[in-house]
Amino acid sequence: MEIFNLAHIDPSLMTGALSAAEYLERDMTGDRCIEITSEKSGSGLSVRLDGDRACITYSRTSEFFRGLGIIKEWITQNRQSAAKEEQAVFEHLTYMADCSRNAVCSPDFVRRLIIKLSLMGYDRLMLYTEDTYEVEGYPYFGHFRGRYSRQELQELDRFAAALGIEMVPCIQTLAHLNAIFRWPAFEPVHDTGDILLCGSEDTYSLIEAMVRTWSETFQSRTINIGMDEAEMIGRGAYLNRFGYEERIDIMERHLHRVLEICEKYGYTAMMWSDMFFKMISGGEYYGKEFHITEEIKKKIPANVELLYWDYYSRDEETYDQMMKYHRELAGNVGFAGGAWKWNGYAPLISHSMQVSRLALRQCEKHGITNVLVTGWGDDGGEASQSAVLPVLSLFAEFNYTRAAGDRDLAPRLLACTGAVLEDFLKLDNPNLTPDNPMPGKMSAAPARYLLYQDVLMGIYDCHVDAQTYPEHYRRCAKELRAIAEKGGEYAPVFGTLALLSEVLARKVTLGLDAKAAYDAEDRAALLATAESCIKTAGLVEQFKHALKEQWFAENKCFGYEVLDIRLGGLMERLKSCAARMTDYAEGKIACLEELEETRLPVLTDKDGHPISPVCDNIWRQMVSASVV
């Protein structure tokens with residue numbers, strides 16, 4: 001039955017409200033029907049419930065939809081009367097979903113995400129698109145990459161607007177464009193690595209075509225132009241064509257050209273700030289004392305917002321000092337934090353929440369009005385897009401209530417997304433090995449390198465505790481499987497990581513077992529290890545099937561082939577390792593050269609002892625010491 005009676009709200013809200021109500025009512029039971037009324041006011045959000053009537057007074061459309069989420073929370077708590085008033089800390093609260101590292105969110109998933117964000121109270125969403133959108137005149141731009149069509153973008157923009165969400169273009173106009181350079185068609189605009197050739201008119205024609213695409217698909221006239229991590233700017237084709245110049249001078253001219261294009265289409269722009277600080281310091285972005293001169297300040301155009309991004313710092317002083325430096329450098333400053341889903345299949349929610357609480361307090365202190373939370377998908381987009389919902393809830397609750405403890409988040413997260421906080425925090429566990437307790441070492445994802453590392457090579461074996469790791473992963477598998485068995489929207493997320501944990505419980509010591517058996521000339525033990533490799537390959541196949549279900553519930557098909565290759569390669573390599581060990585155990589070959597090698601730690605302390613866990617996150621470096 002209808003639980004939200006929307007007949008008396010402002011008609012302009014009706015389209016979005018019906019979408020939100022359909023989602024909200026999905027898992028609600030009972031015969032209660034609440035009549036909702038709405039009233040536009042000058043400031044803030046006020047929500048009141050009196051029996052079977054509720055009123056939402058709001059100053060912005062995004063606040064009205066947050067009000068709906070609050071009413072759902074009260075209904076599920078069987079409250080007959082309640083009242084709440086909120087005033088947002090920040091002018092804009094944005095989530096940025098990475099749609100460029102193979103996992104391109106499907107339009108259906110984006111629509112579900114928009115509803116959840118609106119109920120939390122977000123007012124902006126960015127889809128980070130390096131080349132994953134159509135650009136007229138450039139058929140190779142995003143070719144075979146799952147690019148969004150103009151129609152898809154226009155439909156998403158209209159859907160989001162009805163729910164109070166502004167879709168803001170988030171692109172790259174300098175670096176991070178490695179995917180286009182695999183096509184010879186883009187050689188004329190290529191400097192070096194993943195960097196565009198500054199100073200070339202062909203480059204500015206391409207950038208204008210990019211900007212024009214967004215001007216014709218999204219209503220927003222705010223754009224994120226990227227420009228981060230371009231350390232090698234001017235050091236490739238630019239150097240050959242124009243000669244040597246200081247990077248900051250090349251950057252300054254390029255930025256002005258890009259901003260001219262943005263202004264032509266009515267845009268105000270924001271960009272990541274790291275390149276300016278790296279040029280000032282000689283390469284550092286965090287934890288350094290910066291000397292900001294008037295000459296440097298003059299190179300920052302007044303019509304661009306600098307985004308200070310920090311996903312790492314665990315001390316509040318770093319945020320405080322960096323925000324002071326940003327304020328000194330530019331008049332218009334925003335902040336971007338991180339929802340860590342970019343270190344493999346399992347997230348780092350606990351770390352994300354710890355550092356976000358520190359950062360958000362400093363954002364409020366320094367009067368930052370534009371705050372983003374980023375969900376990157378580095379090196380393959382392996383994690384579920386939904387894995388970091390608790391971090392998104394944390395940003396929203398701080399923005400509206402300044403309360404961001406777990407007790408505050410749990411009911412709001414459940415009401416807005418159907419996610420159980422206690423359950424979601426366990427998604428971290430595959431990375432929280434006994435030597436990496438909560439909140440976990442930043443950038444460390446042992447679940448990923450322990451999955452991908454080769455059994456016979458044992459690149460990371462010096463960083464494995466054979467006594468505690470297998471039991472840890474057996475416990476992870478049991479806990480995550482129990483959550484998956486509850487069913488619901490997120491069951492595939494927990495089921496996938498439960499199977500990953502089962503794989504790791506068996507695989508994590510295979511390399512150590514093989515080496516020990518070989519060194520002891522225990523051929524029977526080596527045969528047993530070979531048999532375990534075969535069984536592990538079967539578990540990897542089960543994991544791959546579960547991952548496929550998760551992927552296609554969230555993403556377009558393009559990019560999944562990479563995971564097929566990675567996991568298919570892992571399965572075949574496990575079988576190959578088993579065959580090699582069997583051949584040796586049966587006397588068919590004289591030795592196993594891989595097991596003759598001494599195992600060396602990847603990372604050590606000053607005394608040469610292994611440091612665990614390791615902060616590696618590149619697949620091709622995990623699977624082999626050879627060139628991939």
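Reader: Which residues does the UniProt annotation "domain: Glycoside Hydrolase 20C C-terminal" cover?
Author: In the unreviewed UniProt entry, that annotation covers residues 422-607; such annotations may be inferred rather than shown by experiment, and UniProt positions follow the numbering used here, with feature names shortened. The model is predicted, so local features need pLDDT of at least 70 and side-chain atom pairs count only at pLDDT 80 or more, while totals for chains, interfaces and linings use all residues. Residues are numbered from 1 along each chain as its sequence is written, and side-chain values use heavy atoms, without hydrogens and water.

Reader: How much helix and strand is there over residues 422-607?
Author: The chain there is 62% helix and 0% strand, with the end C-alpha atoms 39 Å apart. Helices (H or I, at least four residues) and strands (E, at least two) are DSSP runs, numbered from the N terminus.

Reader: Turning to pockets, what volume has the largest pocket?
Author: Its volume is about 1300 Å³. A pocket is an open set of points on a 1 Å grid over the protein atoms alone, where a 1.4 Å probe fits, with protein on both sides within 12 Å along at least five of seven lines; lining residues have an atom within 4 Å of a point. Volume is the space filled by probe spheres set on the points, which are joined across faces, edges and corners.

Reader: Which residues lie nearest its centre?
Author: Of the 40 lining residues, these are Arg-101, Asn-178, Asp-378, Asp-379 and Gly-380. Two or more lining residues come from each of α20 (560-585) and α22 (619-623), and α20 gives the most, with three.
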